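Work through the exercises below with the sequence and the model side by side. Try each task before reading its solution.

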Amino acid sequence: MKGKKQSRLSKLNEVLVLLYFFGGGLLFSFLAAGITEKLCLPIIAANIVLVIMYKISLKTGRLKVPLNILRCIIILMLAVVFASPFIGLGFSKNKAFYPVKRAVFGYGVRGGRNMDIFLPKKLPDECDSYYFRTQLLFPAQDYSPHACLVVSCDRGSIREYADNSVKNGFEREQRDCTFEEYLQEKNIKADELSNDPELKVRIMHDYLNLPYYVFDSDSRGLTSDTEVYYCKASGSGCALDENSGIMIFWA
């Protein structure tokens, strides 16, 4: 039984290595290149050591336990590389995956740069709704991967996030006119917004000056009193609405 277990572990190790280097794994792992970049050299070095240890084990019959431990480490590193794109593209409504998705986008897409600035380290303790979409790297012209996090919470948490945004170098957006003046400028009546929810969402996004990709998220509850903060250095921002309890973070 012990020999079979070792044989299966060895075969799994070989299959994953072959898929990674010769089965399109390198191209696939480009989607979260920052994570691949950090693990690529350790994977190569570990496999070189694995070959040396395997040859020694064949001759002496020793090093079987360290050999299997090293195989498990290699399999784990390869699993992280292969799983990162799936996590980055999925689990948008699963709060339990927030730290993992945040790490995939922060380290895999953004390379760890200013990670703690553009996305909160943790979610509010009271989080009624949750939506977190992250994009990955693609070799396309004029393509820039984005992330958008939408949560709802209590007013106290919103003020805490607002204070943290200012501490992290975000500047509050100053509006030139009230929402009523904006509607007059656009020649739109208030009852039109009441009868057309989609129009209300578009107008609210334009008035708040939110990025286009935030429009796709669950942000219908935003009001004209929403506070918007931008960080020009990182190209990220957040919208915090105490009236509806909605918070949106984007990068």
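**Exercise 1.** Find which residues are in contact with Phe249, leaving aside its neighbours within four places in sequence.

Solution. Step 1: take contact as heavy atoms within 4.5 Å. Step 2: list the partners, which are Phe118, Leu119, Pro120, Ala147, Cys148, Leu149, Tyr161, Gly237, Cys238 and Leu240.

This is a predicted model, in which local features need pLDDT of at least 70, side-chain atom pairs count only at pLDDT 80 or more, and totals for chains, interfaces and linings use all residues. Residues are numbered from 1 along each chain as its sequence is written, and side-chain values use heavy atoms, with hydrogens and water left out.

**Exercise 2.** State whether the residues of strand 6 are buried or exposed.

Solution. Step 1: strands are DSSP runs (E, at least two residues), numbered from the N terminus; strand 6 covers residues 246-250. Step 2: buried means under 20% relative accessible area, exposed over 50%, partly exposed in between (1.4 Å probe, protein chains only). Step 3: 5 of the 5 residues in strand 6 are buried. Step 4: sort them by face; Ile246, Ile248 and Trp250 lie on one side, Met247 and Phe249 on the other.

**Exercise 3.** Identify which strands pair with strand 6.

Solution. Step 1: two strands pair if DSSP finds at least two bridges between them. Step 2: strand 2 (residues 147-152) is antiparallel to strand 6, with 5 bridges, and Val150 stands opposite Ile248. Step 3: strand 5 (residues 236-241) also runs antiparallel to strand 6, joined by 5 bridges; here Asp241 faces Ile246. Step 4: the hairpin of strands 5 and 6 has 4 residues between the strands, and Gly245 takes a positive phi near 80°.
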